[in-house]
Amino acid sequence: MTLLSIVVPVRNEESRLSATLSALTVALAATREPCEIVVVDNTSTDRSGEVALEHRSGSIPVRLIRCAQPGKGAAVRTGVLRTDSRYVGFCDADLATDMAALAPTLRFLSTGVNVVVGSRAHPNSIVRARHNQVRRAGAWAFRRAANTIVPGVGDTQCGYKFFDRHTADAIFRPLRTPGWAFDVELLARAQRIGALIVELPVSWRDVPGSTFRPMRDGYRSFAALARIRAILGAEKTPAVAPVMTSVAEVA
């Protein structure tokens, strides 16, 4: 059985995807366990898909999946639900989160942690950001709003999250948010089923070339939070008290 699948959503990432897949291959090979990389091409108009296929013959299997529904959430959901590994997670195509986090991630999952969330808000994280004041203010406001849906999570939007198989299936199958804010719905669903969530310190750097646009996508993300609140409210699923812990408590 495959130990770990890493899903990489891509949209027009041909310029940096090859380097990302090479780095992921090195990180996964170090586990000395059966692993795979699943690239989800999300309506790319460049050679992203071809670049992924060029890496199929490496030491770590690379699969290419197409997702016709636009949106990072839709792409990640498609990729995760096409895997059957013991653990599954996703990272961004820019590999902003250093994959040195992979070893502690697997340790936590193997000891019964259900969800490992890379957290730039963790006091032990190393964050190299170049955001302007407007974007920082928007991020602060979004965190405040998201925290009303997922209390206790310091950073919902870091593109590094891993799950055990049962939890992944339980929270990705009903996921209905296709865009940037999908992480909030995902974590809210994890809290609802009583999943043990650990926020992991990471080394994170702001990589040029992000397709996120504060004015356009920021507005959409806040609107998505309202929809997520409505979706979860309409389901009337009995809530379970959030189970959050720090690395220090489980180390």
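## About the model

Because the model is predicted, local features need pLDDT of at least 70 and side-chain atom pairs count only at pLDDT 80 or more, while totals for chains, interfaces and linings use all residues. Residues are numbered from 1 along each chain as its sequence is written, and side-chain values use heavy atoms, with hydrogens and water left out.

## The whole protein

Let's begin with the overall picture. The protein has 9 helices and 10 strands; these are DSSP runs numbered from the N terminus, with helices being H or I of at least four residues and strands E of at least two. Of its 251 residues, 50% count as buried, meaning under 20% relative accessible area with a 1.4 Å probe, protein chains only.

Now to β5, residues 115-119. Here 5 of the 5 residues are buried, so the strand is largely enclosed by the rest of the structure. V115, V117 and S119 point one way, V116 and G118 the other. In a regular strand the side chains alternate between the two faces of the sheet.

Which strands pair with β5? Pairing requires at least two DSSP bridges between two strands. Strand β7 (residues 160-164) pairs with β5 in the antiparallel sense over 3 bridges, with V116 opposite F162. Strand β8 (residues 196-201) runs parallel to β5 and is joined to it by 5 bridges; there, S119 stands opposite P201.
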